[in-house]
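User: Could you walk me through how to read a model like this one? I would like the general idea behind each feature, then the case at hand.

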Amino acid sequence: MTKTSFVIANLFRKRTRTILTLLSVIMAFVLFGLLQSVNSLFNAGADFVGATRLMTQARVSFTQPLPTGMVPKLEAVPGVERVAYSMWFGGVWQENTPLFVFAIDPLRYRDVYPEYVMPDEQWQTFAHTRTAMIAGKVLADQYGWKVGQKIPISSNIYPQKNGSKAWAFDLVGIFDGKDDAWRKQTNIAFIQSEYFDEANSFNLKGRTNFFILKLADSKQAQAVSKTIDAMFENSPDETKTQTEKDFNLGFVKQIGDIALIVHWILFAVFFTLLLVVGNTMAQSVRERVPELAVLKTLGFTDGSVLFFVLAEAFSLCLFGGLLGLVLATALGAMVEKGTGGQFVVRLDAGVWSIGILAIVLMSLAVGLLPGLRARRLRIVDALAGR
Amino acid sequence: MFRQAFAISGIGIRSIPERWAPSLVIVIGLAGVVGVFTALLAMAVGFESTLKATGRSDAVIIMRGGSDEELNSAFDRDSTDVIKQEPGIATGADGKPLASAEMMVIAELLRRDDTKNGANITVRGVEPAAFALRPHLKIIAGRNFTPGLRELIVGSGVLRQFQGADIGQVVRMRGSNWTVVGEFESGDSHDSELWTDINVARSTFGRTGSSSVLAALEGPGGLAKLKAAIAAEPRLTVDVLREQDYFSGQTKQFREQIGFLAGLVTVIMALGAVFAALNSMYAAVAARGKEIATLRAIGFSGTPVLISVMIEALLLALAGGVLGALIAYVLFNNLSVSTLGQNFTQVVFNFKVTPQLVARGLVIAIVIGMIGGFLPALRAARAPVTTSLREQ
C-alpha cells in the first residue's frame, strides 16, 4: 500500500463523516469565493487607471454642471495635455433599466482615453453624425445591439425639445478595452454633446458634469490640481480636482458602511465554518489514537505520522475547496445573469489565487494541531488508552 | 413512551459536557447562521423603516413626468406656481395652499472617518409651508434658518455620520459661505439632509424653479381631484404620487438586494451548518452507542431513543440560535450607518433587530436542528443492540 492510497483509505474509513465534512468545506468555499469577488468589486475600480488623468468637477457636487467654456482655461494650465468632458444623460433602457450614457465631445474623449479602442472610421462617423451613439462591447453584447441600428433610449432627466423623454440614437460604433481590466469598463455608451446641447429642452447648453484632464506627466498631478482649484476659487463654479483613481474610489466609498459590514459578516461566516471543519479533523485524530500508535510501533517515524494527518486535512480541504470555488464561479455567473447584471460577481484569476491560498492556510489551520498531537504520541500511553 | 424519552434525553443532555467539542460545533454553527441572517435583515428593516416613516398618506409629491426621483425632476417657476394653485390641495392656516416648492441639490461632506472623498448629501431648499407639512420635524438645537440668508439647518443623521456641518460651522457651496445655525430631527429620511430657504438656494445654484412640490390633500377626495385637474392642464407634464408611496418605492431596490444577499448567504451557511450538525450528532450517537444499546437491552424501545437524540439536537441548535441573535443584537441593534439611496445621496439609518427577525432566525435554527438530528437519531434507534454492545 502506497502512502497516497493509505491516506485515501483513511479518509473513507468513516465515509459519512468524510462526506459531511467535505460538504461543509465546499459550502465554506462557495461563500468565500462569492465574498471575495464582491470584495474585490469594492476595492477595484481604481487599480487599472494610471495617475495620468485628473477629474475636475464642481466643488459642491458633480451633479452641479460646470460650463464647457472652462476648457481653454484648463488646457492653458502647464502640464495639461488635453481636456475631455462628459455629461450624465440619465439613460434608461426600456422600462426601468438605468444605463450609463454620457454626452461627450468624441475626439477629445478619444485623445484622453486611448484605453478605449475602436476603428478610426467609427470614431470619425461618431464625430460627424449628430445623432450618433457608440456603445461599449459589454453593453452592446448584453442587449444585442449592432452597428447601424437605431437604439431607443429614454432619459429620466432631459426631455427633448418636443417634450418627449424618449430619445433615439444611431449606433455607429462599438468600442472595446485595450486589456482585460478595461474590457470590463465597457458597459457604457456615449452620445455627442453637441447634439445633446441642441436637442434638450432645458436650454442646458455648454454644461458638463466632469472634465477629464490628461497630463503630460503623472508627477504633476498634485500641482496641476492645486492650480486649477485655485483658479476658480470664489467663483460660482468652484472646482474640485482629483486623480481619476481617487475619484473612482470616492464613488465606491459612497456605498459606505454597507460594503464594510457585508464584508465582516461574510468573514465571520467563513471562520465559523473553519471552526467546524477543524473540530471534525481533531475528532477524527482523537478516535484513531490507538491506530496511530500501531503505525508508530510498525516503524513509521513521528514525521510520517504528522504527514499522514496533514495529508488527510490537505486533501479534504483541497478537494472541497476547489469544488466550492467551482460552484461559486457557476453561482456567480447565475447571479449575474439572474439579476440582469445588477450584481457582478465574477470569480476571476485574482479571486481564485486568494482562494487557493485560503485552502493551503485552512489545511494548516485544521491539520496542524491534530497532526502535532499525533506526532507527539507516545506509543505506550496511546496503546494503553491513557 | 414520553417518560422514557425524557429519561433518555436527561441522560443525554447531562452527558453533553463529556463531549463538549462536537456539541459546541452545533452551537457555534447555528449561532453563525442566525447571527448573519438577523444582522443582514436588520439592515434591510432599518433602511426600510426609515424611509417608510417618511411621508404622509394625505400628502402628495409632484415631480416632472417620468423622473422617478426628485434629483432628476425640475420645473420652471411658472409650472411651480400653477401646480400650487390646482384644486384638491388643502388650505393652510394662512389661507394659502398648503404646499411647498422644494429644490433638491447635492453637496459633498466628508464622512467622520474619512479625510479625502466626499459623500453626496441632499441640500433641500424649502418654503415656509415645508414645516407645516412635516409637523414631526423639530428643531432640537440652535434655531431655524432665516429666510433670505445663507443659513442651513442640519439633520441629526448628517451630524452623526458626517463632518463639517456642526452648528456654527461654515459650509462652502458655489463660492459662497453657508452657516449652520440649527439641528433638526424628524426620525425619518429628512434626518439625512441639510435644509435652507429655497430662494437663497435658487440664487446660489443659478436656478429659478424647483425640483418638486409637496402638497397636503384637502380630504379623501383630494387626490382624485388634483390628478384630474393636473391631467387637464396642458401646461403641465407631471407625476402625482402619494408621498408615502414615493418613499416606500425608494426602498424596493435596497430591500431586494439585501434580501437576495441574506437569502443566498443564509442558504449556503445553513447547508454548511446542517452538514456540521449531522457530523456532530453522528459522533454523539456513536460515542453513546454502548449506553444506548444498554438502555435498549433493559427494555427501552427505539422511539424514545430517537426522540431523545432529536431533543438534544434541537436544544443545541436553539442555544446556538439564541446566541447568534444575541450577538447580532449586541453588535448591530441601533447601529447608525449610511448608504447611497435612490436619489444618489446618503441616507442615514439605524439597524433594527426586531422580535420578528429574531423569531424567524430561531425558526431557521430549529429547522436545521431537526434536519441535523433526524438521521443520527434514526441510526441510534435502529442500531442492532448486540453489535453495539460488543463494540469497544
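Analyst: Gladly! Let us begin with contacts: two residues are in contact if their C-beta atoms, placed from the backbone, lie within 7 Å. In chain B, residues 24 or more positions apart account for 84% of the contacts with a separation of 6 or more. For chain A, the corresponding share is 79%.

User: What should I know about the model and its numbering?

Analyst: This is a predicted model: local features need pLDDT of at least 70, side-chain atom pairs count only at pLDDT 80 or more, and totals for chains, interfaces and linings use all residues. Residues are numbered from 1 along each chain as its sequence is written, while chains are lettered from A and ligands numbered from 1 in the order in which they are written.

User: What average pLDDT does chain B have?

Analyst: pLDDT is the predictor's confidence in each residue, from 0 to 100. Chain B averages 90, and 99% of its residues score at least 70. For the complex, the predictor gives an ipTM of 0.80 and a pTM of 0.85.

User: How many helices and strands does chain B have, and why is chain B called more spread out than a compact globule?

Analyst: Helices (H or I, at least four residues) and strands (E, at least two) are DSSP runs, numbered from the N terminus. Chain B has 13 of each kind. Its radius of gyration is 30 Å, well over the 21 Å that the globule rule gives for 392 residues, so chain B is more spread out than a compact globule. The radius is taken over C-alpha atoms, and the rule is 2.2 Å times the number of residues to the power 0.38. The C-alpha atoms of chain B fill a box of roughly 95 × 50 × 30 Å along the principal axes.

User: And how does chain A read?

Analyst: Chain A has 15 helices and 14 strands. With a radius of gyration of 29 Å, well over the 21 Å from the globule rule for 386 residues, chain A is also more spread out than a compact globule. A domain assignment, automatic or from a database, gives domain 1 (3–45 + 256–384) and domain 2 (53–216) of chain A. The centres of these two domains, taken over C-alpha atoms, are 48 Å apart.

User: Which elements of chain B touch chain A?

Analyst: The contact takes 46 residues from chain B and 45 from chain A. On chain B, α2 (20–53), β2 (99–111), β3 (118–126), α9 (252–287) and β12 (336–340) each supply at least two residues. The largest share, twelve residues, comes from α9(B). By class, this side of chain B has 26 nonpolar, 16 polar and four charged residues. Here Ala, Val, Leu, Ile, Met, Phe, Trp, Tyr, Cys and Pro count as nonpolar, Asp, Glu, Lys and Arg as charged, and the others, Gly among them, as polar.

User: What about phi: where does B:R174 lie, and is B:R174 buried or exposed?

Analyst: Most residues other than glycine have a negative phi. B:R174 has a positive phi of about 45° although it is not a glycine, and its place is in the loop between β7 (170–173) and β8 (176–185) of chain B. A residue is buried if 20 or more other C-beta atoms, placed from the backbone, lie within 10 Å of its own, exposed if 12 or fewer, and partly exposed in between. With 21 C-beta neighbours inside 10 Å, B:R174 counts as buried. B:N334, in the loop between α11 and β12 of chain B, also takes a positive phi, near 65°. B:N334 is exposed, with 11 other C-beta atoms within 10 Å.
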